[in-house]
Amino acid sequence: INKIILLCFSVVVISACADMDIAPPSMISEADIFSTKEGVTTYMARMYSELPIEDFKYSMQNGFNNSTLYRNVASHTGEAISRDVSGSDGETFTPPWGGAYALIREANFLLENFPKYAVNFTETERNQYMGEAYFIRAYTYFALVKRFGGVPLVDKVLDYPLIALEETQLPRASEEEIWDLIAADCDLAAQNLPSTSGSGQANKYVALALKSRTMLFAGSIAKYNTITLNDQNTGKRVCGVPESRANDYFQQAYNAAKALEGVYSLYYDDWKDGDRQAQYKNYVNLFNTDTKKSEYIFVKYYIYPDVYHLYDNFCISRQQMRSGGSGSEVCPTLNFVELFDGIAKNQDGTFQTLDAKGHYILWDDPMQAFANVEPRLRATVILPMDEFKGETIEIRRGIWTGEVTNGIDRLIPEGWTGTYQAYHPNPPSGFLLTTSNEADRATTNAGRGLVNGAYTCANGEKMIPAGLSGTVDVLLGIYDTKSGFLIRKYMDENLAKEDLGKCDQGWIDMRYAEVLLNRAEAAYELYSAGVSGTDWQADALACINDIRKRAGANLLANKSELNNVTIIRNERRKELAFEHKVWWDMKRWRTADVEQNSTVYRVLWPFYADKADKYFFDARLDERNTRYTYDSRWYYQQIPTSDITKNPNLIQNPGF
């Protein structure tokens with residue numbers, strides 16, 4: 001299978017009846033499917049197309065395979081804010097319960113019935129098909145257990161009415177049993193699958209990468225989860241895993257990750273030592289899936305016009321939007337940007353905007369403040385006045401037209417969450433804010449020197465206060481940045497404006513950087529638990545420094561600097577940002593409720609100081625005052641009530 005593409009293929013298996021044992025000609029029989037390579041390949045393509053991969057077409061509101069980025073995942077993690085999220089509330093779509101079990105049934109059906117036709121295939125082909133089915137079943141159970149905890153364990157085909165209805169109404173297995181099933185399926189997949197595979201297919205190492213991801217999750221639940229639910233009818237713990245299993249799961253995660261060493265490697269093709277521009281381009285090119293990279297483990301490919309997505313359409317800057325498009329949906333927060341090395345920071349780690357006298361620091365250009373930042377940030381986030389598609393992305397919040405000789409005082413006090421206009425109902429002389437008039441990017445601001453939306457600066461330049469992609473009014477602007485930043489990762493710089501609705505970048509579901517981070521975290525957890533036998537701390541350090549070297553970040557000098565798990569967690573946040581991993585990290589670490597306890601995220605607005613011909617930044621809380629909250633009961637999601645109604649042996653999760 002070369003580049004798995006969504007296929008429409010309906011499989012109907014006919015059981016012989018007493019009065020009719022010939023299937024109607026319109027039906028596809030079991031033998032039709034499993035007797036030929038073409039039949040099995042089509043069956044496999046269907047299963048791959050149904051994998052619950054949280055890719056470009058996944059959102060927290062609309063679930064899988066939708067065409068929007070509204071309620072994008074990053075706006076629920078502190079990575080970004082957007083116009084459509086009013087506070088974190090987790091997944092609000094009908095969760096993948098029925099669809100997951102339908103896919104599990106397809107995998108079980110192959111595992112049970114394909115061996116009957118094995119004589120038609122080589123041993124290598126037989127093993128591959130069986131291995132892929134085990135992989136798909138493991139992947140799908142992971143989508144269930146990370147949301148619901150213990151779920152009914154179905155490892156065989158349940159054919160009603162061939163069996164009694166009661167036999168299909170299974171109670172929930174323990175959460176521990178589901179994690180162990182996933183581990184076993186990953187092992188079986190790895191044992192059966194070849195070492196290499198076609199694009200978009202599982203192989204031995206894809207299965208091991210999945211095992212490293214899932215067992216790290218299981219170990220985290222064992223160590224950090226405090227929620228318990230026991231099924232009184234079965235005595236099984238359906239929410240939570242015994243803490244005693246933590247080290248076992250972390251060890252499995254480590255071993256699986258270690259097995260990929262020397263098979264995959266971090267992408268370095270365009271990287272040059274000491275060359276920040278080359279390091280930036282290298283990281284940008286990593287996410288260009290037109291050519292396969294050494295780092296790619298498992299990729300979901302798109303090929304226009306057969307299958308495509310709208311990622312660029314929703315993420316593009318306002319100035320580069322197509323007619324009828326919708327941009328600036330993913331706006332990285334200052335909180336995220338502050339994780340990176342190379343930015344001048346205050347003692348508390350926040351972005352430094354003021355000098356020792358409390359006046360704004362002036363810069364010749366906004367990009368000057370990021371001159372020494374690790375190149376990975378520039379390749380992840382479009383910074384104010386950086387270049388994209390050959391254009392300067394103009395992001396401003398306003399123009400300061402007043403005096404600068406004695407310094408510019410803060411525009412608003414620390415902690416202010418309202419708009420600038422609310423704090424300055426009668427703006428002081430020199431404070432030229434963008435307005436709420438959308439026509440030609442703000443045409444009024446009466447009496448403040450604007451003509452047709454532009455201000456004539458002291459140097460004669462005509463300047464739109466907000467720039468072409470900045471904020472006119474953060475409360476009303478639909479396609480303006482809400483944070484002072486825009487997303488860069490995965491954006492296709494070669495995609496023409498008129499083609500922004502025809503995106504076909506592949507989604508890199510698993511890459512070697514994640515495996516290294518899994519290994520580092522598992523190693524550190526084993527070190528902190530006092531497990532002997534390996535210098536876990538040194539191993540974790542080596543993995544983290546591999547990631548940081550490629551990123552252009554400062555290397556940790558020795559293992560003593562790796563003295564808490566937060567260092568590893570922050571490295572995951574930086575490296576895997578906007579890849580839909582951080583949300584599940586927060587959930588498995590059980591930190592979402594702490595991090596989002598009535599949280600307002602921070603933004604960074606550039607202002608142009610006219611009389612100095614320089615820029616300054618105002619770091620502040622989001623002026624929309626959006627407060628993010630996560631209820632701890634959401635660590636285990638609600639099982640669909642319709643399924644609870646249909647199956648009297650299912651019990652609901654706590655709090656629902």
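The structure is a predicted model, in which local features need pLDDT of at least 70 and side-chain atom pairs count only at pLDDT 80 or more, while totals for chains, interfaces and linings use all residues. Residues are numbered from 1 along each chain as its sequence is written, and side-chain values use heavy atoms, with hydrogens and water left out.

**Helix packing**

- Helix H7 (residues 204–224) and helix H14 (residues 512–528) have axes that come within 10 Å and cross at roughly 35°. Helices (H or I, at least four residues) and strands (E, at least two) are DSSP runs numbered from the N terminus. Axes are lines fitted to C-alpha atoms, for helices over the stretch in contact, and angles run from 0 to 180 degrees between N-to-C directions.
- The crossing of H7 and H14 is left-handed, a term for a near helix turned anticlockwise from the far one by less than a right angle.
- On the H7 side, the residues that meet H14 are Ala 209, Ser 212, Arg 213, Leu 216, Ser 220, Lys 223 and Tyr 224. Their counterparts in H14 are Glu 514, Val 515, Asn 518, Glu 521, Ala 522, Glu 525 and Ser 528. Contact means heavy atoms within 4.5 Å.
- By class, this contact of H7 with H14 comprises five nonpolar, four polar and five charged residues. Ala, Val, Leu, Ile, Met, Phe, Trp, Tyr, Cys and Pro count as nonpolar, Asp, Glu, Lys and Arg as charged, and the others, Gly among them, as polar.

**Cysteines**

- Zero disulfides (pairs of cysteine sulfur atoms within 2.5 Å) are found in a search of the whole structure.
- The sulfur of Cys 186 has its closest cysteine sulfur in Cys 543, at 20 Å, which is too far for a bond.
- Cys 186 is buried at 1% relative accessibility, and Cys 543 is buried with a relative accessible area of 3%. Buried means under 20% relative accessible area, exposed over 50%, and partly exposed in between (1.4 Å probe, protein chains only).

**Aromatic pairs**

- The structure holds 45 aromatic pairs. Rings of Phe, Tyr and Trp (its six-membered ring) pair if their centres lie within 6.5 Å; planes under 30 degrees apart count as stacked, over 60 as edge-to-face and the rest as tilted.
- Phe 142 and Phe 217 form an edge-to-face pair, with 5.6 Å centre to centre and 85° between the planes. This pair links distant parts of the chain, with Phe 142 in helix H4 (residues 123–148) and Phe 217 in helix H7, 75 residues apart. Both Phe 142 and Phe 217 are buried.
- Tyr 268 and Trp 271 are also edge-to-face, because their ring centres are 5.0 Å apart and their planes stand at 75°. Tyr 268 is partly exposed at 28% relative accessibility, whereas Trp 271 is buried at 15%.
- One aromatic cluster is formed by Phe 34, Tyr 43, Phe 109, Phe 114, Tyr 117, Phe 121 and Tyr 129.

**Two individual residues**

- Leu 111 lies in helix H3 (residues 98–113) and is buried, with a relative accessible area of 13%. Not counting residues up to four places away in sequence, Leu 111 touches Met 130, Ala 133, Tyr 134 and Arg 137. The C-alpha atoms of Leu 111 and Met 130 are separated by 6.2 Å, at 19 residues apart along the chain.
- Pro 194 is placed in the loop between helix H6 (175–192) and H7, and is partly exposed at 25% relative accessibility. With residues up to four places away in sequence not counted, Pro 194 touches Gln 128, Asn 203 and Lys 204. Pro 194 and Gln 128 are 66 residues apart in sequence and 6.8 Å apart in space, C-alpha to C-alpha.
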